[in-house]
Amino acid sequence: MGKTKHKGPIKLSKKPDPSLWVSKIPFGLGKIKPHHIRDTAKVAWENRDRLPYATRILTQGVCDGCALGVQGLKDQTLTGPHLCTTRLNVLRLNTMPAIKKEILHADIDELRNRSSTELRQLGRIPYPLIRKQGERKFRRISWDQALDTIATKIQSLQPKQFSFYTTSRGITNETYYVLGKVARFLGTNNIDNASRICHSPSKTALSRSLGVGASTCNYKDWIGTDVLIFWGSVAANNQPVSTKYMYAAKKKGTKIIVINPYHEPSMDQYWIPSIAESALFGTKIADDVYQVHIGGDIAFMHGLMKHWFEMEKEVPGSALDHGFISKHVNGLEKLQSTVNTYSWEQLEESSGLSRNRMIELATLLAHAKSAVFVWSMGLTQHRFGTDNVSQIANLALLRGFIGREFCGLMPIRGHSGVQGSGEMGADPFSLPGGNLNDDQRKRLEGIWKFDIPTWQGDIVGESLENACLPDGHERKLHLYYLSGGNFLETMPNPDFIQTCLENVELRVHQDIILNTSTLTDAKEAVLVLPARTRYEQRGGGTSTSTERMVYFSPEIKGPRIEEARTEWEIYIDLAKRVCPEKQEHIHFDNASAIRKEIAEAAPNYDGIQHLHKRGDLFQWGGAWLCEDGICPTPDGRGNLIAIEIPELRKPEGHFYVTTRRGKQFNSMVYSDTDPFNDAKREDVLISEEDAVKYHIEDGEPIVVYNQHGLFAGRAKFAPMKSSNLEVHWPEGNVLIPKGVYEAYAGIPEYNTVVILEKAVSYYAQKDRKYAQKRIEELEIDSH
């Protein structure tokens with residue numbers, strides 16, 4: 001861990017720089033771009049009935065949107081106000097009144113006819129509900145009835161037959177910690193969270209490469225680094241405040257590189273509303289874009305290293321930091337041997353980039369004195385996601401871009417709660433303070449005063465699949481307790497997921513709103529429990545940002561949903577009902593008591609016990625993890641990991657496809673049109689080169705299909721890498737195979753191979769056998 005402390009926000013230069021302007025036409029008039037002023041006015045109108053409360057949330061609370069860590073309207077990177085449309089979009093979730101009773105208790109089919117967006121707009125869940133098998137409507141029940149029903153069911157099951165899950169929707173560290181503790185108190189390791197579906201490969205890879213599971217640097221390190229690389233990350237769309245940091249970095253002379261199959265317009269140019277110059281004339285962001293094949297990143301990184309090793313042959317020290325490597329790094333010879341087994345032709349074919357393009361970036365990085373690598377789900381959501389991230393760590397270790405200013409590795413988080421989830425032990429592989437191993441278990445048992453199960457718990461995908469196991473199986477899922485989340489719109493193959501949900505006997509949905517998963521049948525009953533938001537949580541709560549800042553978010557005065565309860569209190573109440581004879585081991589008087597225990601259970605979080613009021617924060621691990629090259633590994637050294645290029649098998653005439661986000665927050669869609677490229681939710685992004693090859697017109701109806709599903713949409717010409725397609729998530733999940741998980745971290749695969757045809761051709765009767773034949777060819781070639 002680092003000894004240097006974060007120095008707080010820095011001032012942003014106000015001197016205009018016309019060289020960064022997108023256009024001299026003010027406000028980007030006539031261009032496809034977000035309309036921030038209009039969107040802000042719309043949010044104000046939506047919250048007009050509770051505007052004072054909405055204002056207090058924005059000015060006093062910690063952002064419940066992305067994990068940049070905006071506290072009130074300020075952060076620790078730049079001075080001045082920070083506010084983005086992502087945060088404004090989710091604001092109404094916190095201020096909505098309760099759902100009207102006549103709607104809430106309508107026939108279930110009336111609710112099912114509504115989309116997720118329409119369900120969200122109905123309002124908050126007002127009180128506990130139950131709908132038993134065969135019943136057409138939700139019925140109101142008391143909290144005692146609801147929790148006794150769940151407790152009785154758990155008492156009748158073996159610990160491997162029930163599971164817990166929590167989303168990242170405004171969830172605090174206190175809630176994650178208590179849920180992780182409650183799960184183990186009840187004897188199960190079947191607990192998982194939304195963070196693992198996004199960034200578990202990041203934690204796994206960084207842990208094996210560096211001994212840490214979090215960002216090694218800060219957002220401040222973007223501003224002044226020589227090179228800032230965004231790998232499979234569209235931060236301008238998913239973390240809009242970050243564009244302010246990019247603007248500051250550009251003014252300091254930082255080169256910004258984007259690596260993505262799609263040349264994302266939001267990473268090319270952006271109008272930053274909180275900076276007058278940028279709001280008027282826009283800001284050019286990316287200096288260069290490298291369009292790799294979907295899944296081609298490992299080969300691309302091999303190309304960078306291959307050129308470095310060639311440079312070293314000619315002039316030792318011209319590419320690698322030998323001083324850093326000799327003192328702080330293991331595995332150079334094996335890595336070099338692996339890299340040299342691949343020819344340039346192999347690397348070009350797999351990556352989709354030419355040797356010259358790989359040499360360009362390799363040379364830039366070889367001459368750079370500093371660099372920060374930022375990545376997101378474009379790298380992690382592959383069956384080889386951990387290897388993707390380890391390759392990035394390899395690049396940083398070879399160049400010594402670790403443990404010092406303007407350098408580091410940053411898995412940028414898309415939700416305000418995700419960094420803390422694994423650190424609080426809310427997943428099947430970890431406990432507070434570390435991994436689920438014997439030493440950790442014994443240490444926690446000493447603190448918790450009860451035994452922790454030793455068996456390996458199920459990841460979320462396995463839990464769902466286990467609902468379909470035969471009766472009598474020791475791991476058949478009989479009860480699933482979900483805190484938020486909508487698996488029908490976040491997991492691959494939604495039809496299969498619906499079957500899994502319907503096979504659970506008792507399903508519990510603890511949430512603030514209804515979603516499509518809530519309305520799915522269960523074999524015995526569906527229970528719905530109304531939760532409080534983070535701003536309503538009794539005693540306040542904390543969240544951890546991407547850069548490991550732990551922020552206190554106070555309870556904010558305002559209207560309340562009368563029967564909604566603080567989430568950690570619900571878990572404790574349930575646990576006491578299941579095991580009343582041991583309830584003293586699971587009791588907390590208040591949120592402050594939870595933070596006190598977290599500081600003991602998770603040593604990195606020593607300091608959280610002192611967070612009590614608005615503005616309180618601390619950063620665990622210091623400004624830079626692995627400071628001075630010293631890693632928290634057994635020998636104090638970083639590990640280069642030799643990675644093989646994954647086999648990407650695609651028959652001739654087929655396409656790689658991946659999913660992308662539009663104007664949305666997780667699966668919550670806020671507009672049918674993407675403000676950056678004008679794409680509709682049903683549009684399939686395709687290169688004009690590919691479209692011409694297959695005689696497809698822009699806007700023409702097309703069908704994308706494979707052995708897993710079919711997506712009917714329209715062709716949208718876009719600067720995509722040839723032979724690659726993008727569809728919106730979650731709509732495109734129908735194409736993604738079920739049961740394909742990353743080997744080390746268990747994340748689902750969200751990329752696949754598909755066939756694309758004109759709709760008129762596909763639906764023609766004479767072509768049905770042809771379409772089936774092509775699917776069979778795809779099945780043969782993909783295995």
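User: Which residues does UniProt list for "domain: Molybdopterin dinucleotide-binding"?
Analyst: UniProt lists residues 656-753 for that one, in an unreviewed entry. Keep in mind that the model itself is predicted.

User: OK. How far apart are the end C-alpha atoms of residues 656-753, and how much is helix and strand?
Analyst: The end C-alpha atoms lie 5 Å apart. The span is 6% helix and 35% strand.

User: And which residues does the "domain: Molybdopterin oxidoreductase" annotation cover?
Analyst: According to UniProt, again an unreviewed entry, that annotation covers residues 124-577. The end C-alpha atoms of residues 124-577 are 27 Å apart, and the span is 40% helix and 16% strand.

User: I'm looking at His-728. Where is it?
Analyst: His-728 is in strand β28, which covers residues 724-728.

User: Buried or exposed?
Analyst: Buried: His-728 has 1% relative accessibility, and the cut-off for buried is under 20%.

User: What does His-728 touch, then?
Analyst: Setting aside residues up to four places away in sequence, its contacts include Thr-659, Arg-660, Arg-661 and Gly-662, plus Asp-674 and Asp-683. Arg-681 is another of the residues His-728 touches, and the backbone oxygen of Arg-681 lies 3.5 Å from a polar atom of the His-728 side chain.

User: What kind of peptide bond joins Trp-729 and Pro-730?
Analyst: A cis one, with omega at about 15°. Pro-730 is in the loop between β28 and β29 (751-758).

User: Switching topic: which strands form the parallel open sheet, and in what order?
Analyst: Five strands, in the order β9-β6-β5-β11-β12, with parallel pairing. The edge strands are β9 (288-290) and β12 (408-411), each pairing on one side only. From one strand to the next, the twist averages 20°.

User: How many bridges join β5 to β6?
Analyst: Five, between residues 227-231 of β5 and residues 255-259 of β6. Trp-231 stands opposite Ile-259 in β6.

User: Which strands does helix α13 lie across?
Analyst: Helix α13 (residues 297-314) lies across β5, β6 and β9, and runs at about 155° to β5. Helix α17 (residues 355-367) packs on the sheet too, touching β5, β6, β9 and β11 (371-375). The direction of α17 makes about 125° with that of β9.

User: How many residues has the largest nonpolar core, and which have the most contacts inside it?
Analyst: That core has 121 residues, and the ones with the most contacts inside it are Ile-150, Trp-231, Trp-308 and Phe-373. Helix α13 shows up again here: it gives the largest share of this core, nine residues. There's also a second, separate core of 37 residues, which includes Val-70, Cys-217, Val-234 and Ala-286.

User: Back to Ile-150. What is it in contact with?
Analyst: Leaving out neighbours within four places in sequence, Ile-150 is in contact with Leu-479, Tyr-481, Leu-506, Val-508, Leu-527, Leu-529 and Leu-574.

User: Which way does β1 run against β17, and which way does β16?
Analyst: β1 (residues 129-132) is antiparallel to β17, with four bridges. β16 (residues 506-511) is parallel to β17, with six bridges. Val-526 is the bridge partner of Arg-131, and Val-526 is also the bridge partner of Arg-507.

User: What caps the N-terminal end of α25?
Analyst: Asn-590, with a side-chain oxygen 3.2 Å from the backbone nitrogen of Ser-592. Among the buried residues of α25 (residues 591-601) are Ile-594, Arg-595, Glu-597 and Ile-598. What covers the buried residues includes α8 (173-185), α21 and α24 (567-578).

User: Last one: what is phi of Lys-449 near?
Analyst: Near 70°, a positive value in a residue other than glycine. Lys-449 is in the loop between α21 (438-448) and α22 (460-466), and is exposed, with a relative accessible area of 55%.

Technical notes. Residues numbered from 1 in each chain as written. Predicted model: local features only at pLDDT ≥ 70, side-chain atom pairs only at ≥ 80, totals over all residues. Heavy atoms only, no water. UniProt positions renumbered as here; feature names shortened; annotations may be inferred. Helix = DSSP H or I, 4+ residues; strand = E, 2+ residues; numbered from the N terminus. Buried < 20%, exposed > 50% of the residue type's maximum accessible area, 1.4 Å probe, protein only. Polar contact = N/O pair within 3.5 Å; in protein donor to acceptor, adjacent residues only side chain to side chain. Contact = heavy atoms within 4.5 Å. Pairing = 2+ DSSP bridges. Axes fitted to C-alpha atoms, helices over the stretch in contact; angles between N-to-C directions. Core = buried A, V, L, I, M, F, W, Y, C linked by side-chain atoms within 4.5 Å.
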